[in-house]
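Please find below a short note on the structure.

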Amino acid sequence: MNSDGDALGNSDTNQMVVSAARLIRDDDVCYVGVGLPTLACLLAKHTHAPNLTVLTENGVVRTGLFPLPRATDTLSMQTLADQLSGLFYVSCLGQAGFVTIGFLGAGQIDRFGNANDTAAGDYLQPTHRWPGSGGGNDVASFCQRTIYILRQSKRRFPEHVDFITCPGYLDGRPGRREQLGLRAGTGPTAVITNLGVYGFEDGEIVLKSIHAQAGVTLAQVKAEVGWDLKVSPDLCETEPPRDEEMRILREQVDPAGLWAGGRRARM
Amino acid sequence: MSKVTTLREAVAAHVKPGDTIFLSGAQHAEPTAAIHEIIRQRIDRLTLISVLTETVALLIGTGSLERVLTGWMIQDERSAALIRAKQMGKLPEFVEYSHFGISLALLAGQMGVPFLPALTQIGSDLMKYNPHLGTVRCPFTERQVGAVQAVTPDVGIIHVQRCDAEGNAQKWGSLGVDREGINASRTVVVTTERLVDTDVIRREPNLTIIPAFRVSAVVEVPFGAYPMHLAGCYNEDIWGWRREIMGAEAFERYLEEFVYGVRNWEEYLEKRKALKGADYLDGLLLKDAVLSDPLPSGY
């Protein structure tokens, strides 16, 4: 789902992948799209979450390891899966409450965790078009924890997105999701960028940690947000990628170097 | 009764200008050969239901589509297909859903009900612009839920691994929205990698995705999903293919050479081999096939 063209070997991309992997639990059922989320899932599977169940929107359900795929559906992703179903089946697992975590990219994300994957500017006269929801709206509607991974800029972090493709906490009022009919106990719980890691409190994005060891400052983070950003009283430095995590990414997750070398080779 | 025919005849007989069509293969085995044939026959004003079908760019770029019901579609200003459609004054209207939303529209069509409730799309602005999405109050709990209107394509085209002459079609691997989409379609055209005896079908009937009485035409088309992958058969070369249609000139050249410049899929594949080497297609075949255990049935 990530459309940022990031690559391993680029240090802030490494940080995004590693930070995402650390949010995955061993008993999670994870809805994953191609790109950084797949890297994060594989890293987690190779380290602290070997039992992670991975779902792809085309219907693959698998717990076995798999080679890093170049697309959402590949023969290597299908081969030796635990179950092959379809998009309807996998989505129903989410709608019925069985998908614990989902990763999404976004064109824009706002103060209340609403994401735009559709249109910049007016929908009918857009200044830029992204490809649209895909499964994104479904993931954001269903998952107990929806986690966004995207590069941060003021343009991509407006106070209100131009178009809500994926609902976050909407206008931030408590209970708004449930009022609209969305499943209770769902919604975005984290946003991971090249500058920091965010959580949510009372429906609003809160800065939790800064990639300080990569040279990022609080002023820099605030400059790339389109509203007066709430900062956690427990703000800390993001733990940088450990050598072991980087070794596993290079040697086990992506030995063919599809993502290594500073470019997104044929992904 | 055998329904085996040629792709040219199947498309001419069953796909009409103005039809609503479903194309199978959300990322796994599109009916690419059939898509090329539709363009070659210049069938237009189509409404297409598309979930992640790649070669649909060809239908857009040739101005064949009036409307696209979709969840995800490259609509980038730089897309050669969109620019070409716009120049022709034939940019299709995009009606946008979430992917689950589309699968529900198709499932409602398959079920024969006017709509289905859903807990998706309701928090989004998709609701504002797509007239086929709404909300409804649950008659039992009074709770508000989303609603997705049924869609019943005039014709659905699916590419499968195997099918018998009567039309019992079997597809395996990840299924995307194939099951709902093809069963929602009023008329069904099957293209198949291999025609097999009915006995082969009947020894593994769980794999039948649609039964013969629902199928109008069967066409044997080896490599019919190329450049996509097909489980148990071949790998994709979608990355190479995408580059071939990238940019206005390249797009034009592909159409001239590989759509209008051939009479059928056999010629298409020959031309691909001429371009990429005699062993090119063989190189896409599975290198390491995994076989399942035979399943007993009988009494």
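**Note on the predicted model**

1. In chain A, ten strands form an open sheet of mixed pairing, in the order β4-β3-β2-β1-β5-β10-β11-β12-β13-β14. Strands are DSSP runs of E of at least two residues, helices runs of H or I of at least four, numbered from the N terminus; two strands pair if DSSP finds at least two bridges between them. The edge strands of chain A, β4 (83-84) and β14 (230-237), each pair on one side only.

2. This is a predicted model, in which local features need pLDDT of at least 70 and side-chain atom pairs count only at pLDDT 80 or more, while totals for chains, interfaces and linings use all residues. Residues are numbered from 1 along each chain as its sequence is written, with chains lettered from A and ligands numbered from 1 in the order in which they are written.

3. Strand β13 (residues 204-210) of chain A runs parallel to β14(A), and four bridges join the two. A:I210 has A:E237 in β14(A) as its bridge partner.

4. Chain A contains eight helices and 14 strands. Its radius of gyration (over C-alpha atoms) is 17 Å, close to the 18 Å that the globule rule (2.2 Å times the number of residues to the power 0.38) gives for 267 residues, so chain A is as compact as a globular protein of that length. The C-alpha trace of chain A spans about 45 × 40 × 35 Å along its principal axes.

5. Leaving aside neighbours within four places in sequence, A:C30 is in contact (C-beta atoms, placed from the backbone, within 7 Å) with residues including A:I24, A:C41, A:L52 and A:I101.

Terms used
Two residues are in contact if their C-beta atoms, placed from the backbone, lie within 7 Å.
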